[in-house]
Amino acid sequence: MAVDQLPGQVREFAGYLNKLMTKLDQGNGWCAVFWQRDPDGMRACLDGLEVPPWDVVEALMHDLNTAYGPAAAAQETGRARALHSASLAAYDARPGGRE
């Protein structure tokens, strides 16, 4: 599926996730673990082809907390949760999306 065929909410969350990743040290913390364990899965999430599970996003927020402090992480967590929820709902609403 091409990115231009994705629901807008999925593209929006993928864009958010890409911006978040620029703030993180991708060689350390949970971010590094995810890249080492599943680089194809990470790329699919960043490209908007998959929506990551919330626990992955939450772990990235932990990395953000480590780098920028709890206030920054708390602010981003609220935004991330709203975008993630909308993205997941749109992704699942596609024909065959629930499967």
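Take L17 and look at who it touches: setting aside residues up to four places away in sequence, L17 touches C45, L46, P52 and L60. This is a predicted model, by the way. L17 sits in helix α1, and it counts as buried because its relative accessibility is 4%, under the 20% cut-off.

**The cores**

L17 also turns up when you look at the inside of the protein. How many residues does the largest nonpolar core have? It has 20, and the ones with the most contacts inside it are L17, L20, M21, L60 and M61. Helices α1, α2 (29-37), α3, α4 (54-68) and α5 (70-93) each bring at least two residues to this core. Which helix gives the most? That would be α4, with seven residues. There's also a second, separate core of five residues, and L6, V10, A90 and Y91 are among them.

Now for the helix pairs. When two helices pack, you describe them by the angle between their axes and the distance between the axes.

Start with α1 and α3. Helix α1 covers residues 8-23 and helix α3 covers residues 39-46. They pack at an angle of about 120°, with their axes 8 Å apart. Is that roughly perpendicular or oblique? The roughly perpendicular range is 65 to 115 degrees, so α1 and α3 count as oblique to each other. On the α1 side of the contact you'll find A14, L17, N18 and M21, and on the α3 side M42, C45 and L46. Sorted by class, this contact of α1 with α3 has six nonpolar residues, one polar residue and no charged ones.

Next, α2 and α3. The axes of these two come within 5 Å and cross at roughly 110°. That makes α2 roughly perpendicular to α3. From α2, the residues F34, W35, Q36 and R37 take part, and they meet P39, M42, R43 and L46 of α3. This contact of α2 with α3 divides into five nonpolar, one polar and two charged residues.

C31 is in no disulfide, since the nearest cysteine sulfur, that of C45, is 12 Å away. Seen from the other end, the sulfur of C45 has C31 as its closest cysteine sulfur, and 12 Å is too far for a bond. Are these cysteines buried or exposed? C31 counts as buried because its relative accessibility is 0%. C45 counts as buried too, at 11% relative accessibility.

**Some partly exposed residues**

K23 lies in helix α1, and at 37% relative accessibility K23 counts as partly exposed. Leaving aside neighbours within four places in sequence, K23 is in contact with L64, Y68 and E76. G15 is in helix α1 as well, and with 31% relative accessibility G15 counts as partly exposed. Over in helix α4 you'll find H62, which is partly exposed with a relative accessible area of 43%.

How do steps along the chain line up with C-alpha distances in space? Here are some pairs to check in the viewer.

| Pair | Apart in sequence | C-alpha to C-alpha |
|---|---|---|
| K23 and P39 | 16 residues | 18 Å |
| G15 and C31 | 16 residues | 17 Å |
| H62 and A73 | 11 residues | 7.3 Å |

Technical notes: Residues numbered from 1 in each chain as written. Predicted model: local features only at pLDDT ≥ 70, side-chain atom pairs only at ≥ 80, totals over all residues. Heavy atoms only, no water. Axes fitted to C-alpha atoms, helices over the stretch in contact; angles between N-to-C directions. Helix = DSSP H or I, 4+ residues; strand = E, 2+ residues; numbered from the N terminus. Parallel < 35°, antiparallel > 145°, perpendicular 65-115°, else oblique. Contact = heavy atoms within 4.5 Å. Nonpolar A, V, L, I, M, F, W, Y, C, P; charged D, E, K, R; others polar. Disulfide = S-S within 2.5 Å. Buried < 20%, exposed > 50% of the residue type's maximum accessible area, 1.4 Å probe, protein only. Core = buried A, V, L, I, M, F, W, Y, C linked by side-chain atoms within 4.5 Å.
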